[in-house]
Amino acid sequence: MSKSIFELVDNLPKSNVTTMVLNALDFVVPGQWHNVTNFEQMIREVTGETDEEMIQKIGDRAVWLFNDKTQGYQNALWLYQTVDKADYALGAAALANKVGSKIGLLSFLNRLTPNNEKAQALDLAIKLVVEVVAFCQINGLPGDSIGDFVAALKEYESDALMRMAALICLDGLVPFGADFILKVESTLNNISTQELNNNTGFSSVSKLIPGNNPAGKLQFINSSFDAVKDWMIGFVSSHNLTQNEVIKNLSKFIEFSEDQLDYVAAFLDMSTNYFEHTGTQSIAKSLISRAMAEV
Amino acid sequence: MKNKKIPHLIISFCLFSLLLLSSCATQPPSRFDQAQQESVAAGNKNTAVDKNAVKGANFNQFFPSNSGNYQRVFTQEKAGFVQAKLKENGQDLATLAIFDTISNPSAKDDFKNSTDKINGFPLIEKGSNNTAVLVANRYQVSVRSANSNFSSEQRKEWLSKFDLTGLSQLK
């Protein structure tokens, strides 16, 4: 049996490279995310409840709902965990070698292999699709209802909004700069199903991506990206986000030079698991929010 | 003989300390452990949602509709359950929900002590910031305040805006 939902939340790291990166991105969505790593505390925050008997009932109901495999929460967790292929040893080594308040990238260059542009663009598209599918698994909209997802993006807040902000900043702006949307689009337009199948990120999550065959799945990835790109463009412009601004904030705790951005992207990719971290928080909040009306 | 005993003592002491340390390192039991154990013991019978629960989408029509500055935004739709946010000019006021208690019948217990009614259906305060009504002895309709400015009176007012009579006829 997998872990309980309260263990998953209670075991989230209080401070590691992931939380440092997310805190550095607070300037994008100020005050939206704080790192809740205690399930009971989360119940109090989500529900505003002070009645202890009610808190017990809500937590118990959330535990049962999470363990019921037909309810989609386990699938969502698996997706969030699988799409993040973090190398924890690298993250730990980076923290251990911190000089003063900064992580020196120089000492890790030999352990990092930057992605080529195509793989990097595909990585962003696959993470986005994972978000679409996980959202539907958690909140129960039909599995291919991209329109509902886009409407719901406007309601995104706290950990979910931070996850989208991090996706745009870390997987879009840092490696590609302002025209990351165009880069992803042209990659998706030119990729063959064979190439898609050979991509390790895609093959690890493909069984939960809608579509009967690789061509169908590629079509789903394309339409997901099409549907969400306007929202992303709007997000970048309304928050005045630039590659420089993101880099300035990241350089508060990572030491690197401007010609090493490929390595920064590779370092963040390997040393963080922000999809899994904030995804676990989103699943737990959604469960609690449902459970409070079901007791 | 004497010399041999000392290492043994040291080893025993170390093992004992390790045991003590490792038991300290494990997390204290959670207040939700019992639910986890019962749920795991149920194995494949762990069905938190009854197979006869009403399809969530069927509940949507009974929610209060958008009016004036008030907005209703659906946020979750699962078997036997639909939830929406109530917003005023973009600010969250409350969470609205309809739940088919067939999946968790104990939710109905508290209504036995109800002294208040809306449209003839029993009404209670459930928890510290939540008001609920039980329709047709099956569907729990609830309004939970998003902050302390949204009063119990307002929760009752919004509960009365649901189409409770229509919901009571849902099979």
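Q: What makes residues of chain A and chain B count as being in contact, and how many residues on each side do so?
A: In this predicted model, 33 residues of chain A are in contact with 31 residues of chain B, and they count as such because their C-beta atoms, placed from the backbone, lie within 7 Å of a partner's.

Q: Which helices of chain A each supply at least two residues of the side that touches chain B?
A: These are helix H1 (5-10), helix H3 (39-47), helix H4 (52-67) and helix H16 (274-291) of chain A. Of the elements in chain A, H4(A) gives the most to this side, with nine residues.

Q: What makes up the side of chain A that touches chain B, when its residues are sorted by class?
A: The side of chain A that touches chain B has 10 nonpolar, 13 polar and 10 charged residues, where Gly is counted among the polar ones.

Q: How do you know what span H4(A) should have, and what do its end C-alpha atoms show?
A: H4(A) has 16 residues, which at 1.5 Å a residue should span 22 Å, and since its end C-alpha atoms are 23 Å apart, the value agrees with the expectation.

Q: Why are some residues of H4(A) called buried, and what do they pack against?
A: A residue is called buried because 20 or more other C-beta atoms lie within 10 Å of its own. In H4(A) the residues that qualify include Ile55(A), Lys57(A), Arg61(A), Trp64(A), Phe66(A) and Asn67(A). The buried residues of H4(A) pack against H1, H3, helix H5 (73-83) and H16 of chain A, and also against helix H2 (33-41) of chain B.

Q: What reach does helix H13 of chain A have, where is its kink centred, and what follows the helix?
A: Helix H13 (residues 214-238) of chain A has 25 residues and reaches 35 Å from its first C-alpha to its last, close to the 36 Å expected at 1.5 Å a residue. H13(A) is followed by Asn240(A), whose phi is positive, near 50°.

Q: Why can the radius of gyration of chain A be set against that of a compact globule, and what results?
A: With 295 residues, a compact globule would have a radius of gyration near 19 Å, and chain A has 19 Å, so the value agrees with the rule. The C-alpha atoms of chain A fill a box of roughly 55 × 50 × 40 Å along the principal axes, and buried residues make up 45% of the 295 residues.

Q: What elements do the two chains hold, and what part of their contacts joins residues 24 or more positions apart?
A: Chain A has 16 helices and two strands, and among its contacts with a separation of 6 or more, residues 24 or more positions apart account for 81%. Chain B comes to four helices and seven strands, which run α-α-β-β-β-β-β-β-β-α-α from the N terminus on, and 46% of its contacts between residues at least 6 apart join residues at least 24 apart.

Q: What confidence does the predictor give to the complex and to each chain?
A: The complex receives an ipTM of 0.89 and a pTM of 0.90. The mean pLDDT of chain A is 91, with 97% of its residues at 70 or more, while chain B averages 88, with 84% of the residues scoring at least 70. In chain A, confidence is lowest in helix H8 (residues 146-153), at a mean of 70, and highest in H1(A), at 98.

Methods. Residues are numbered from 1 along each chain as its sequence is written. Chains are lettered from A and ligands numbered from 1 in the order in which they are written. This is a predicted model: local features need pLDDT of at least 70, side-chain atom pairs count only at pLDDT 80 or more; totals for chains, interfaces and linings use all residues. The expected span of a helix is 1.5 Å times one less than its number of residues. A residue is buried if 20 or more other C-beta atoms lie within 10 Å of its own, exposed if 12 or fewer, and partly exposed in between; C-beta atoms are placed from the backbone. The radius of gyration is taken over C-alpha atoms; the globule rule is 2.2 Å times the number of residues to the power 0.38. pLDDT is the predictor's confidence in each residue, from 0 to 100.
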